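Open the model in your viewer and keep the selection panel at hand.

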Amino acid sequence: MKKRLACLHAHYSNIDYIENALSAYDVELMHFVDPGLIYRVTSDESFTMEEAQNKVKEQIEWIAQCNVDAILITCTNYIAVLQEEKLSISIPIIKIDEPYFEYICNIQQPQTIVFSNPATVNGTMERLNQYAEEHQKLIDIEVMVINAFELIMKGQKQEYNQSIINFLEPLLEEGKIISVAQLSMVDASREVEAMTSKSIINPLDPLVSAIADQLKIERHQ
């Protein structure tokens, strides 16, 4: 029987990334999109951390009732406020950033992580540092931010991608080890890779391997 993976996104633009990345695997995807939490966290000063935590708990428990084998969370803000120990569910939760963290924590040289959404930086870096500490990894990381996320939230993906391309190209020329921290940055980073023949780490590639391992699914022949 085909495995079912539920995906919780903060923006609909992430759906295509996951659909395309898993198209070669025998898995059924169910997508849930709610940009409201991002808006509340970043623009509503009266919205408390407790309210954010309660909202994510409610969403995850609702999704878990939809007969799925695992839940993938693609938004780092959702992950940052998730209190997994308070969930009353038994199915596994796959967090988009953990396979990515594992990959970059195995790099011993100095590296640069690029974000397009300033609101995700603190939560992601706190989780990364916690992950590195728990796994006894020493990391040397510089954070850089492109203030371009409003473009993707407005549906201006071409302009968004171009902003990222313009930012990443000079960094690669400096010989830096670069990764992009957000799923929405993957297309632009791959364009830069094609133009420069240099690699950029992204959260999608290690995630696909982690999903395949968790669900025990294989690629189509």
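A pocket here is an open set of points on a 1 Å grid over the protein atoms alone, where a 1.4 Å probe fits, with protein on both sides within 12 Å along at least five of seven lines; lining residues have an atom within 4 Å of a point. This is a predicted model, in which local features need pLDDT of at least 70, side-chain atom pairs count only at pLDDT 80 or more, and totals for chains, interfaces and linings use all residues. Residues are numbered from 1 along each chain as its sequence is written, and side-chain values use heavy atoms, with hydrogens and water left out.

**Stop 1: the second largest pocket.** Select I38, Y39, T42, S116, N117, P118, A119, N147, A148, F149, E150 and M153, which line the second largest pocket. Two elements, α2 (36-43) and α7 (149-153), each give two or more residues to this lining. Helices are DSSP runs of H or I with at least four residues, strands are runs of E with at least two, and both are numbered from the N terminus. The space amounts to about 160 Å³, a volume filled by probe spheres set on grid points joined across faces, edges and corners. Seven lining residues are nonpolar, four polar and one charged. Ala, Val, Leu, Ile, Met, Phe, Trp, Tyr, Cys and Pro count as nonpolar, Asp, Glu, Lys and Arg as charged, and the others, Gly among them, as polar.

**Stop 2: the largest pocket.** Its space is about 410 Å³. Select M49, N77, I79, A80 and V81: of the 20 lining residues, these are the closest to the centre. Now colour α3 (49-64), α4 (76-81) and α6 (121-134), the elements that give two or more residues to the lining. The largest share, five residues, comes from α6. By class, the lining has nine nonpolar, six polar and five charged residues.

**Stop 3: the sheet.** Four of them form an open parallel sheet, in the order β2-β1-β3-β4. Strands pair if DSSP finds at least two bridges between them. β2 (27-33) and β4 (93-95) are at the edges with a single partner strand each, so one side of each has no neighbour in the sheet. Next, select β1 (residues 3-9) and β3 (residues 70-73), joined by four bridges. A6 stands opposite I71 in β3.

**Stop 4: the cysteines.** C7 is buried, at 0% relative accessible area. C105 is buried too, at 4%. Buried means under 20% relative accessible area, with a 1.4 Å probe and protein chains only.

Note on methods
Buried < 20%, exposed > 50% of the residue type's maximum accessible area, 1.4 Å probe, protein only.
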